[in-house]
Amino acid sequence: MHAMENLTRPSARRSGSQPFPDYPGNARSFVHLDAKLLPYWHTLFDVCPALLKLDPPDGTRIFREFMTWAYRRQVTLNWTFHLQVCRWLLESAYRYRIDEEHIETLMIASAARWVVSDDSQALGVVLTCQRSASVVFDWKSTDQPARRPIAAELEELPPTPWDFAWCPLGTRNGSGFRRWLPV
């Protein structure tokens, strides 16, 4: 988040509170800002290209509105990035156009980022969203071949009290679920 704060913090000389003012396309600061935020754009739309249909042709409005929202709330853009995008979409003017597939895709993307970034002893993660019937599991790679379905994925899980929740899983067998944690 620190890098994003440096990029988007409005200078004292500028009036207004928008961290993403409309720069002319040839302005050096516009190119600099966009070049530094481009990895976040790709992180979102390369994994979830269906979101581009909500804001054709390039998702710029969705991206800038989300990044402004994230900046104002000081959201950490870690493995929860896609969940935060989903949270924002479900609160935004796009909420009526977001369907189960969008939610599930964003949850899968967050779970995948957790798997590659987590350095704890947990073997996997489970994510849920109150507005979705989907529960997403993802597992760190192991030497054991994957058996489908994994016993932990067959357990009945309690509903979450939060809009988005997660739980690290210590086993692939049943009883790996402890409790929901808020995102």
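Two strands are taken to pair if DSSP finds at least two bridges between them. Helices (H or I, at least four residues) and strands (E, at least two) are DSSP runs, numbered from the N terminus. The structure is a predicted model, in which local features need pLDDT of at least 70 and side-chain atom pairs count only at pLDDT 80 or more, while totals for chains, interfaces and linings use all residues. Residues are numbered from 1 along each chain as its sequence is written, and side-chain values use heavy atoms, with hydrogens and water left out.

The protein chain contains 6 helices and 4 strands. Read from the N terminus, its elements follow the order α-α-α-α-α-β-β-α-β-β. Of the 183 residues in the protein chain, 43% are buried (under 20% relative accessible area, with exposed being over 50% and partly exposed in between; 1.4 Å probe, protein chains only). Contact means heavy atoms within 4.5 Å. Among contacts between residues at least 6 apart in sequence, 54% join residues at least 24 apart.

The 4 strands form an open sheet in the order 2-1-3-4, with antiparallel pairing. Strand 2 (135-139) and strand 4 (181-182) lie at the edges; each has a single partner strand, so one side of each is left without a neighbour in the sheet. Strand 1 (residues 124-129) pairs with strand 2 in the antiparallel sense over 5 bridges. Valine 125 has aspartate 138 in strand 2 as its bridge partner, and leucine 127 stands opposite valine 136 in strand 2. Strand 1 and strand 2 form a hairpin, with 5 residues between them.

Helix 4 packs on the sheet, where it touches strand 1 and strand 3 (164-169). The direction of helix 4 makes about 160 degrees with that of strand 3. Axes are lines fitted to C-alpha atoms, for helices over the stretch in contact, and angles run from 0 to 180 degrees between N-to-C directions.

Helix 4 (residues 81-91) also packs against helix 3 (residues 60-72), at an angle of about 100 degrees and with the axes 10 Å apart. Helix 3 is therefore roughly perpendicular to helix 4; angles of 65 to 115 degrees count as such, those under 35 as roughly parallel, those over 145 as roughly antiparallel and the rest as oblique. In this contact, Ile62, Glu65, Phe66 and Trp69 of helix 3 meet Phe81, Gln84, Val85, Arg87, Trp88 and Glu91 of helix 4. The residues involved divide into 6 nonpolar, 1 polar and 3 charged, where Ala, Val, Leu, Ile, Met, Phe, Trp, Tyr, Cys and Pro count as nonpolar, Asp, Glu, Lys and Arg as charged, and the others, Gly among them, as polar.

Most residues other than glycine have a negative phi, and most peptide bonds are trans. The peptide bond from proline 56 to proline 57 is cis, with omega near 0 degrees. Proline 57 is placed in the loop between helix 2 (28-45) and helix 3. Glutamine 74, in the loop between helix 3 and helix 4, has a positive phi, near 55 degrees. Glutamine 74 is exposed, with a relative accessible area of 58%.

A disulfide is defined as a pair of cysteine sulfur atoms within 2.5 Å, and by this rule the count is 0 disulfides. The sulfur of cysteine 48 is 9.0 Å from the closest cysteine sulfur, in cysteine 86, which is too far for a bond. Cysteine 86 is in no disulfide, the nearest cysteine sulfur being that of cysteine 129, 5.4 Å away. Cysteine 48 counts as buried at 3% relative accessibility, and cysteine 86 counts as buried at 0%.
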